[in-house]
Amino acid sequence: MNFLFTPNHVQLLNSCYPPASTLLTSGPEYSPNSQELSRLTYYAYVVDLFPYGSNHPEKLTKLGSELEKRVKTESRKARSGNIKIRASLLITLAILRSLATECRRDIALLSPSLIASVESTLSNEFNDLEVVARAASVFIAWTTFTDGHIIGADSGFTENYLSSLRHFAFLCSSVAQDFELRNRTRLVGFAAITGAINSEALYNDSSQFRTQTSIIMRPVLQTVLETDLGTLNKQAGSVKDASMSPYLAEFRTRPVIERRAASIHIHVDGENGPSMSDVSSAALRAFSSLLEHVNGSQLGHIMRSSFDSLDELKGWNHIDHCCWFTLKTAEWAQYQYRYAIPTWLVERLLESQDASKTTDMQKALTAMVTTVFNSPVPLINLSTSDILTNLMSLLVRRISVDFNHAIIPSLIKCISSLGRHVYYSDQIHDLAAELITHLSIVEAQGISPRSDSLYEEKRAHALRCLIMGLAGLISAADDGEHERHESPQNKTSLSSDPDVKHDDHSEHRRSRRARVPPEIWQDTISLLLDADYAVRADYANALVFYIVHEMPKHGDVTDAETKTRFRRVADGSQTAPMNSLLHSSDFGSKFLHAVYAFVYILSSSSLNLSSTSNSSPRLSTKDELEINIEPATPLPETRSFGDMSSQHDRRPGAFHSRTRKIAAALSRLDKSQKLSLSSSATVSDYFLIQNILVAVHQQLPVRSLMVGVPMLLALDSLCQQSECDSSEVMARVHTIRYVLAKVWLAIGKEWGSSELQAISEKALASLPPSLFPLDSQSAEIGIYHPPQNPVPISSIDSIPRWSGVDTKAVLSVLASDSGVHEVFGSDREQLLSSFSKPWSTETALRTAVERPSTYDATLRGDGVSPLLKISPGLMHIENISLQSLARSNRGVGVTDLREALEGRSSMSNPNLARPGSISTLDHGSSVMGGEGRFVQTRPRSAKKRALPAGPGEVRDVLNKLGLGKQSGSLLKASFPALQSDQRSSVVK
């Protein structure tokens, strides 16, 4: 009813309601009069006449204020059970939604009143699902058309908006007793949440984004935790394809001005209401829509909010659901921002590193990290180095607190899973180098103060865990490559070409990543001599795995169809690189020298030196090894271990650490050259040695034959010199001979020598049953396992004599083998001389760390620069100094620096063509003594260089050197068509 002085906008608003007598009968639609509603919207917003906005914007503000007043009054009265006021409230909310839809251009003018009305309705009529659904429709209409600029700018509005969002989130977690009512209520809540997610209101203010996501993520995670994994997987498979929900109208797909707000229907056709599957589908679609819009920093806020929600819901004990949630987060997030997921997982792990006991959160987080890294979802822009550093720090921290901590196996899996995806070629190389550097630090310094009573146990446990992580990292990289190669697409591409030959090493050649080189791995070989057997066992297994699966062979493998390696190659290309393959500067050969030296020390010496000493043992003056470095131009130069550095190692200080380890290994060497009761190796150690040597000779047959045979003969000679009446010493001698027999047998099989196999099998057959050692068992790579216990050397009263393999017969067979002749290009006498040369640990270690000269690794293996061979013919200089071209021993002085800065007369710039003004050539040094002072430089006559007489002379020199023009061009232009066009254009 309108009074005389009732404002026009109030009259128009009152006319939209049905008469009071028919208000209750207007249901179940409870909609305003359509004709009067059109007049009201025309009054508020004349869009056709005024395309740039409302004719009178204050009209929309007045209408909003009036509607807000009515909603607050009606919602408060309807709460007490007044059904007539409830019907009026439903109509008022419908009018408010119509104004928001029709006045979308000026929605900001209506926003404060609209959101305040929604908040008031939800606060007072929270249990009336129909009223809540009508309020949710109003809220969705506003989120559809708003630009979100008012969020954060108006504190009152922001508070009402966040309060409304919390009410809808609470609806998503309804715990109503009636199953159908609970699901309907949750669907209404997720509809409103989805509207907020698809609105600019969520993303406009960065400071409010985390507050909103913390509200949104809680109901999503609660729904995920309450749904079984089978249903979740089914819903996730169709979340990207189907519409938003069968109970919601289609969401906006048009530009802002043409958008249509979604409507909510609480009634569903059919006898049964919505199921929990429908609720989980709505939750997953809301979460998927959220991840489609966020960037990297926003994704980090989502992860943080998820962690907080899991804390509140106590959901960390649902590890499978947590892993599933993390995997889908990585899968649905934008490709370039997925790196934030594991980064935040690791950050949350670090926050709990000081926990006194293992928590469900730690178990879940480690499982989530492993799941993400092992999944097929790529994670670009991920800083794998930072992740590895944090994981190693956490691992060492937990071991220092409690080395039996339950989270340690999970952390090892996390470290290993970093190798599953390779994002750049040197990734595994760099990660392995970091792990090896950390291994070296822990090996030398431990992880706790030396005064700690558990120092040795913690140090050994940390070494074992890092070794497992290192081997697991490489193993995971191989597994990832195998999965890529075995994918249906790759199989189809490989099998489509019948002319392509596939062998056992095809995957190794197709590898996209760089292999971990032996000069990096060589820093870990000292772990073979660790005082703790569990460390030695785990490292030996990792070393065998590295040699078999990771170490670059560089010519030590051939065609797999021959069934025997390096026997005969049809094109004769195998003997060509033999000089560089067997040269002492070859890193593979250096690595083998180190392996054989440490194996020899392990088999014959005592390892009881304490690892808690303040510094590594150093050689005495009389035992210090001198290494002579001969450059291309011989210079009298002598260097010791500490003076050499490797130009191929990327890690600073790695060489000096390596030399200290070698000095420590030499200090453990038994100078008596005999086995004794003090030798530390057990039966288990000798089986580790056997596995290492067999792997070396199978994977690197050429290098290992030339490098390793002298060491095997030296070890056999040690056994002969150690024969005595001591039963324990003789048991050790027979164990070593058993290992040697196995190694000789492996060499015979690898080279296809039936005679060598027969000699080895005959020796093994003659082994007394009482001396037959037990077999050792190796643990799974990259998986944590308890420390292994060694099998000690048995002491028997009477030990029968056993001579093992006849080494003279072995040498004769190897030197006479035709396959060995073809590979090495040597006759029997040369091979006998090479195999029988004296071998010592000092020599092997010297070779392992010796710095190569610049041209040691040339193809010819003669150590001479190709430049030195052709320069005398090309340069007509009477007294050419090869030393000046290769390496000069003259120090660089001030004159050289000034000439470089001022220029010489031969330079093309005439402004720089003047001699240096000051020279120290004829004056004494002020530092070393003398009265000389700087004076003007005496002019020196420049001797002109003899120039070639003509092009014919240069051609003759090149022809003599074999560098002249040949019949047929050996080098062709990269772009011949382009060059011909350029030449033709020049002619024109």
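Leaving aside residues up to four places away in sequence, D685 touches Y533, R536, L602 and S680, where contact denotes heavy atoms within 4.5 Å. The structure is a predicted model, in which local features need pLDDT of at least 70 and side-chain atom pairs count only at pLDDT 80 or more, whereas totals for chains, interfaces and linings use all residues. Residues are numbered from 1 along each chain as its sequence is written, and side-chain values use heavy atoms, with hydrogens and water left out.

D685 lies in helix α27 (residues 683-699); helices (H or I, at least four residues) are DSSP runs, numbered from the N terminus. With a relative accessible area of 0%, D685 is buried, a class that covers values under 20%, with exposed residues over 50% and partly exposed ones in between (1.4 Å probe, protein chains only). The side chain of D685 is joined to that of R536 by a polar contact of 2.8 Å, and the D685 side chain also reaches the backbone nitrogen of T682 at 2.9 Å. A polar contact is a pair of N or O atoms within 3.5 Å, of which, within protein, one must be able to donate a hydrogen and the other to accept it, and residues adjacent in sequence count only if both atoms are side-chain atoms.

Helix packing was examined for two pairs. The axes of α5 (residues 107-124) and α6 (residues 129-145) come within 10 Å and cross at roughly 155 degrees, which makes α5 roughly antiparallel to α6. The contact involves residues including I107, L114 and V118 of α5 and V131, F139 and W142 of α6, and by class it has 12 nonpolar, two polar and no charged residues. Helices α10 (residues 229-238) and α11 (residues 276-293), by contrast, pack at an angle of about 50 degrees with their axes 10 Å apart, and are therefore oblique to each other. Among the residues making this contact are T231 and Q235 of α10 and S280 and R285 of α11, and the contact divides into three nonpolar, six polar and one charged.

Axes are lines fitted to C-alpha atoms, for helices over the stretch in contact, and angles run from 0 to 180 degrees between N-to-C directions. Angles under 35 degrees count as roughly parallel, over 145 as roughly antiparallel, 65 to 115 as roughly perpendicular and the rest as oblique. Ala, Val, Leu, Ile, Met, Phe, Trp, Tyr, Cys and Pro count as nonpolar, Asp, Glu, Lys and Arg as charged, and the others, Gly among them, as polar.
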